[in-house]
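The entries are in the order in which I looked things up.

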Amino acid sequence: MFPKALVFGVFLLAAGLAPACGGAEDPQALKAAAVQSGDELIAAEQFASAATAYGRGVAIDPNDGPLRVKLAKAHERAGQWTQAANQAMRAADLLPTDFEARFLAARLILGQSRFDDSLAMTTDLLRERPGDPDLLVLWGTANAKLINSTWALYRLGATGGRGPKYDEGCTTLRPQVGPEAERESEAVLRDAVTAAPTSIDATLALINFLWAARRADESAELVQRAADRGPHGLANEVAGHFFLVRGQHALGEKYLEIAADANASYSRAPRLALADHYLATGRFEDARRHLDKIPASDDEGGVIAVRKIDAELGLGRYDNAALLIDAVLGRYPTQRRGLTQRSQLLLKTGKAADAVVAARKAVAADLAFAEARVALAAALAAEDDTDGAFIEYSEALRLDPTRRPLIPTLARLALETSRNRQAEMFARQA
């Protein structure tokens with residue numbers, strides 16, 4: 001018989017060793033749990049959390065290529081571009097014969113401006129699948145030094161492919177590309193469209209290239225073709241801007257309306273574009289209709305409210321406009337457009353002297369805001385201060401040369417203030 005104390009001590013030792021020997025969790029079970037958690041988070045569209053979960057699995061088994069593919073895609077959907085590209089490259093190294101893994105890597109590293117690396121990988125893939133339209137799009141885009149097949153359209157779409165902002169945007173869009181590379185890229189992208197004539201992605205990639213190459217005018221037929229294929233947010237929004245800028249208002253409105261209704265999550269930009277167009281063309285009820293569909297949570301800075309004020313002023317609903325102006329300036333006391341609109345409202349309601357005071361506050365809020373200068377000029381003219389009005393209208397035109405409708409007014413005011421040489425100059429311009 002063993003002494004009771006010895007038996008009790010052995011029991012305690014065995015109890016203490018039990019967790020260390022048999023209770024440690026199996027690494028494969030931990031990995032499986034991490035993958036299951038990541039899959040569930042992906043289904044719930046919690047992409048950053050899914051990436052964290054998949055990352056736990058990769059830490060346990062760094063050589064699991066398919067899991068790294070999952071991790072790369074989760075990072076991508078979470079907008080974590082660098083991590084996505086890094087994980088995709090690791091996956092491609094681990095899966096050297098897996099086409100999808102290598103294609104994913106080639107596409108994601110392109111987004112990191114690794115043009116030559118992406119081009120080399122895509123060239124290898126084309127040897128395996130010559131004529132694959134997705135590969136042709138990727139090759140042509142990489143060769144044109146664009147980080148993806150819609151980059152130019154996202155950056156320049158709102159310009160409609162014309163004007164100073166379009167030209168300026170093109171200069172910073174991508175590194176310089178030689179004429180031979182441009183010809184090769186265009187030819188390959190056209191091959192992609194021929195290979196997949198119903199693919200909106202291939203068509204958008206070719207449009208994207210033409211816009212980046214400062215040849216947006218040549219894309220008219222392609223733009224309309226892409227937009228007519230159905231409610232595609234980007235294709236329809238680009239088409240809307242493209243045709244509005246070229247004076248084809250019916251087409252432009254049609255496509256922006258489709259874009260606004262295509263995806264509620266991305267409807268703000270096309271709705272704002274439509275509202276601005278309708279305000280500029282005096283269709284105030286149409287403008288208000290679109291503005292009322294934008295959630296109040298999107299009104300940071302009062303950008304929606306000031307457009308509603310313009311609509312109310314245009315409709316002559318001055319009491320509504322006054323309430324909106326007070327609300328905007330209550331939140332943003334130096335909001336330049338709200339201050340300008342207060343001056344415009346005061347002038348419309350016969351309070352010219354007060355309008356001058358309000359307009360001077362708007363000018364002080366932003367000396368380079370041409371609209372405030374115009375409001376001040378109009379208020380000064382109503383107070384018979386023609387000299388002051390001429391100075392402010394002149395400054396507005398200098399700040400914004402597109403305000404050419406001011407020129408006849410400037411010609412008249414120059415004549416009234418004995419600025420004869422300037423009167424002649426403006427009259428000739430008019």
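The notes below go from the whole chain to single residues.

**Ground rules.** I am working with a predicted model, in which local features need pLDDT of at least 70 and side-chain atom pairs count only at pLDDT 80 or more, while totals for chains, interfaces and linings use all residues. Residues are numbered from 1 along each chain as its sequence is written, and side-chain values use heavy atoms, with hydrogens and water left out.

**Overall form.** Along the principal axes, the C-alpha atoms fill a box of roughly 125 × 65 × 35 Å.

**Surface and charge.** The accessible surface comes to about 22,000 Å², and carbon and sulfur atoms hold 54% of that area (Shrake-Rupley method, 1.4 Å probe). I noted 51 positive and 56 negative side chains, the centres of the two sets lying 2 Å apart; Lys and Arg count as positive, Asp and Glu as negative, and His and the chain ends are not counted.

**Interior.** Of the 430 residues, 46% are buried, where buried means under 20% relative accessible area, exposed means over 50%, and partly exposed is in between. Among contacts (heavy atoms within 4.5 Å) with a separation of 6 or more, 52% join residues 24 or more positions apart.

Which residues touch the most other members of the largest nonpolar core? They are Leu204, Ile207 and Trp211, in a core of 65 residues. Helix H12 (residues 200-212) supplies the largest share of this core, 10 residues. Apart from it lies another core of 39 residues, including Leu346 and Tyr393. A core here is a set of buried Ala, Val, Leu, Ile, Met, Phe, Trp, Tyr and Cys residues joined through side-chain atoms within 4.5 Å. Leaving out residues up to four places away in sequence, I found that leucine 204 touches Ser149, Thr150, Leu153, Ala226, His232, Leu234 and Ala235.

**Helix H14.** Valine 238 lies in helix H14 and is buried at 4% relative accessibility. Beyond its neighbours within four places in sequence, valine 238 is in contact with Leu153, Gly157 and Trp211. Histidine 241 belongs to the helix at residues 233-245, H14, and counts as buried at 11%. Residues up to four places away aside, histidine 241 touches Gly157, Ala158, Gly160, Leu256 and Ala273.

**Positive phi in loops.** Arginine 214, which is not a glycine, has a positive phi of about 65°. Arginine 214 sits in the loop between H12 and helix H13 (220-227). Is arginine 214 buried or partly exposed? At 44% relative accessibility, arginine 214 counts as partly exposed. Serine 418 is likewise a residue other than glycine with a positive phi, near 60°. Serine 418 falls in the loop between helix H24 (406-416) and helix H25 (420-429), and is exposed with a relative accessible area of 60%.

Technical notes: Buried < 20%, exposed > 50% of the residue type's maximum accessible area, 1.4 Å probe, protein only. Charge placed at Lys NZ, Arg CZ, Asp CG, Glu CD. Helix = DSSP H or I, 4+ residues; strand = E, 2+ residues; numbered from the N terminus.
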